[in-house]
Amino acid sequence: MKTTVLNGAANVGLFLAHALELENEAADRYVELADSMEAHNNVDVAKLFRDLAVYSRKHAEEVRQIAEKHGPLPKVAPWEFQWDATNESPEAASFEHAHYLMQPHHALKMALLSETQGNKYYASVAAETKDPEVARLAREFAEEEAGHVALVRQWLERYPAPKEGWDDDPDPPNISD
Amino acid sequence: MDTHLTENVPAPTPHDYKSDVKPIWCPGCGDYSVLAGITRAMANMGMERHNTVVVSGIGCSSRIPAYTSVYGYHTVHGRSLAVASGVKLARPELNVLIFGGDGDGFSIGGNHFLHACRRNVDMTYIVMDNQVYGMTKGQASPTTEADWCESKLTPEGPGVNPIQPVALALACGANFVARGFSGDPNEVARLIVEGVKHPGFSVIHVLSPCVTFRPEQRGWKSTVHPYGREPTDDPNAAMRAVLEDDGFGLGIFLAGNRRPFQPGSAVTSTIAQIEEGFAV
């Protein structure tokens, strides 16, 4: 049966190419979001995104080390990656959810979505691949992502949803008079 | 899928095409994703940075040259295509990409757009369309709907029909015409790669929401859809299909076969002779 994760499930090389892209894009995106928050003087959320980027970079490095043992990875064009249900790699936090007044709670909700999508992707590959080594690695990565999901949930308990009006701005950018 | 084994020489990454200048767009702006698509396209093509020039006009999206590590020229409002044409005609070996928005491209630079399509110089124009002047705080642009009433300058809406960029590009003779959406930066990267590779003037219309002045455009992600037809090399067929499209179809509309404009390279006069002509 043809599935949307077919490429990544095909063989170890393609799976690791997908995994490396997934982890690197996640880290890069957190850095971009942190930079964006700094530009808008939202220092608390900037720091949180920066911390999340550090965690993602560590995981990317782990994947890179595993990939090294499997020789050169195939080159895959950005549009040739096949993810489960997202256009971009599933762990890259979406730009569209960012707001210049967002609070740590919102950033963690974005992270929760990203980590959940990452877990789901690896679980899908594990379920659909016919390659036992891909299945083993995908299960391992899915478990690691499940750990991240649990960790972000714990953090979220420290940052409950802010009250309505968190995005009120006494000097909003869209006043034109 | 076509895959290739990596070679020993490290392949460029999107990082290599980003500058140290951090974007100051509003968080949530579609232009972040377009920038991601641009750097991914450049990395995929292995573009030589010293042989690549990005040119822009004025506006939020025209800030792209500052955010890339290739040569950049942030020109004046609406004049990016004129400057880029000069760059490409003088140095045909360079990759020339132009970035801008709907106001810069279709209002202030509208006349240049018509003639750039007609002239068909081998370069690629990426228009980030958010249907509003964002940098000047939210006025109606040439692509704004006639009944958009959110600006105090046009409290009853602009009252005129918006320009259809894809149809206009086809009518004026652009040789490659496509539409992408910032919510899918990998597809934007593919369209840019296809546009750069295709000879002649390529127009890539990218729907890129302005979350500050047009927050309703966040809904575009559920409005866009695949164009659903194979690209044609026949501009008439492409135009007929585009007229049936709702403006949200994504894909390549035309990959034409017009010969790019490139005058002869023979030197016809010296700088001194040109300067003499300007002497009062």
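## Chain B and its helix α7

The secondary structure of chain B amounts to nine helices and nine strands, where helices (H or I, at least four residues) and strands (E, at least two) are DSSP runs numbered from the N terminus. This is a predicted model, in which local features need pLDDT of at least 70 and side-chain atom pairs count only at pLDDT 80 or more, whereas totals for chains, interfaces and linings use all residues. Residues are numbered from 1 along each chain as its sequence is written, and chains are lettered from A and ligands numbered from 1 in the order in which they are written.

| Property of chain B | Value |
|---|---|
| Box of C-alpha atoms along the principal axes | roughly 60 × 55 × 45 Å |
| Buried share of the 280 residues | 49% |

A residue is buried if 20 or more other C-beta atoms, placed from the backbone, lie within 10 Å of its own. Eleven of the 13 residues of α7(B) are buried, so this helix is largely enclosed by the rest of the structure; among them are P185(B), R190(B) and V196(B). The buried residues of α7(B) pack against elements of chain B including α1 (31–45), β4 (95–101) and β9 (249–255).

Turning to the partner chain, the contact takes 28 residues from chain A and 30 residues from chain B, with two residues in contact if their C-beta atoms, placed from the backbone, lie within 7 Å. On the side of chain A that touches chain B, α2 (12–39) and β1 (74–75) of chain A each supply at least two residues, and the largest share, five residues, comes from α2(A).

Definitions and conventions:
Buried ≥ 20, exposed ≤ 12 C-beta atoms within 10 Å, placed from the backbone.
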